[in-house]
Amino acid sequence: MHVHLQKQLRGSTDPIHLNISFDIQPGEIVAIMGPSGAGKTSILKMIAGLLLPDQGQISVDDQIWFSSQPRLNLKTQQRSIGYVFQDYTLFPNMSVRENLKYALPSNQPSSTIDEILELIRIQNLVDQKPTALSGGQQQRVALARALLRRPKVLLLDEPFAALDEEMRSKLQQDLITLHRRYQTITVLVSHNPSEVARLADRTLLIQNGKIVQQGHPSTVLTNTAPNTLLEGEVLTAFNGQITLVVKNSLSIIRVTEEAGYYQAGDTLFISADQYHIQRKNKV
């Protein structure tokens, strides 16, 4: 997969000119990290055909999905993608099986549904509506639905951010199992360093619309340069962990020092080193 994108984006204060290029091999998981507003979700949307680049090219297996020269732009439905969002986006009036059946391509046998239900251990939930499921169960269904089409590219936009640590770990393992089975190209947007270290083969660090560092997660995540990956307000701090309010979600950060050092209301930023946490001025 080859991606070259240029796009003028609206930043929180000033416009951001996104200008990036990268390649991903089949079976590779690439994580995109960076501060809020750096352009991470916009990259996923452009790959999916939900946002039009100003210039560039997106190609997968020699098939061009987008090109500015000559002008070509495949519709989202024509692109072999699976997209998993943080908020699940399941049909609330349909059962689990009906949600999956709706996504099943016409050329795939219905047994494919049972196969993927068994892989992620939710066979007993097939008749349940999404409102009766836990957040983790809903996200399992969303992941299963995205992979039913056997997509060439799987796009994950902070899919586990709203889940507790135990459920997040279980779903990460489910993702590893499914990824190994289907060998998709996977692009993951995440603010969670431990998640990236566990899942990704390669990490791209984005700042102001540009790739400022890339490589194996062990290299990128241990870089002590002050590249802000996550910024939020302290909600609670105790027992060696801090709960941050980041946009409209919560992130739990483990710290090596006494968590009581941080006070509710502090604004903290976290650098590329997952253990490097510093205090900013209070808001």
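**Note on the predicted model**

1. In the protein chain, residues 24 or more positions apart account for 61% of the contacts with a separation of 6 or more, a contact being a pair with heavy atoms within 4.5 Å. This is a predicted model, in which local features need pLDDT of at least 70 and side-chain atom pairs count only at pLDDT 80 or more, whereas totals for chains, interfaces and linings use all residues. Residues are numbered from 1 along each chain as its sequence is written, and side-chain values use heavy atoms, with hydrogens and water left out.

2. The mean pLDDT of the protein chain is 83, with 86% of its residues at 70 or more; pLDDT is the predictor's confidence in each residue, from 0 to 100. Over residues 273-283, however, the pLDDT is below 50, although this stretch has 30 contacts in the model beyond near neighbours in sequence. Where pLDDT is low, the predicted coordinates should not be read in detail.

3. The protein chain holds 7 helices and 16 strands, taken as DSSP runs (helices H or I, at least four residues; strands E, at least two) and numbered from the N terminus. Of its 283 residues, 53% count as buried, where buried means under 20% relative accessible area, exposed over 50% and partly exposed in between, with a 1.4 Å probe and protein chains only.

4. Helix 1 (residues 40-48) is largely enclosed by the rest of the structure, because 7 of its 9 residues are buried, namely K40, S42, I43, L44, M46, I47 and A48. T41, also found in helix 1, counts as partly exposed at 27% relative accessibility; leaving out residues up to four places away in sequence, T41 touches Y83 and D157. After helix 1 comes G49, whose phi is positive, near 85°.

5. L156 is found in strand 8 (residues 153-157) and is buried, with a relative accessible area of 0%. Apart from neighbours within four places in sequence, L156 is in contact with L44, V84, L143, L175, T186, V187, L188 and V189. For one of these, V187, the C-alpha to C-alpha distance from L156 is 6.2 Å, at 31 residues apart in sequence.

6. In helix 3 (residues 111-119), T112, I113, I116 and L117 are buried. Seen down the helix axis, the buried residues of helix 3 fall within an arc of 135°, so they line one face of the helix; the arc is that of the directions from the helix axis to the C-beta atoms. These buried residues pack against helix 2, helix 4 and helix 5 (165-182), and helix 3 is followed by R121, whose phi is positive, near 60°.

7. The second largest pocket is lined by 15 residues, of which I81, G82, Y83, R145 and R149 lie nearest its centre. Strand 7 (81-84), helix 2 (96-103) and helix 4 (135-148) each give two or more residues to this lining. A pocket here is an open set of points on a 1 Å grid over the protein atoms alone, where a 1.4 Å probe fits, with protein on both sides within 12 Å along at least five of seven lines, and lining residues have an atom within 4 Å of a point.

8. S95 lies in the loop between strand 7 and helix 2 and is buried, with a relative accessible area of 8%. Not counting residues up to four places away in sequence, S95 touches V126, D127, Q128 and K129.
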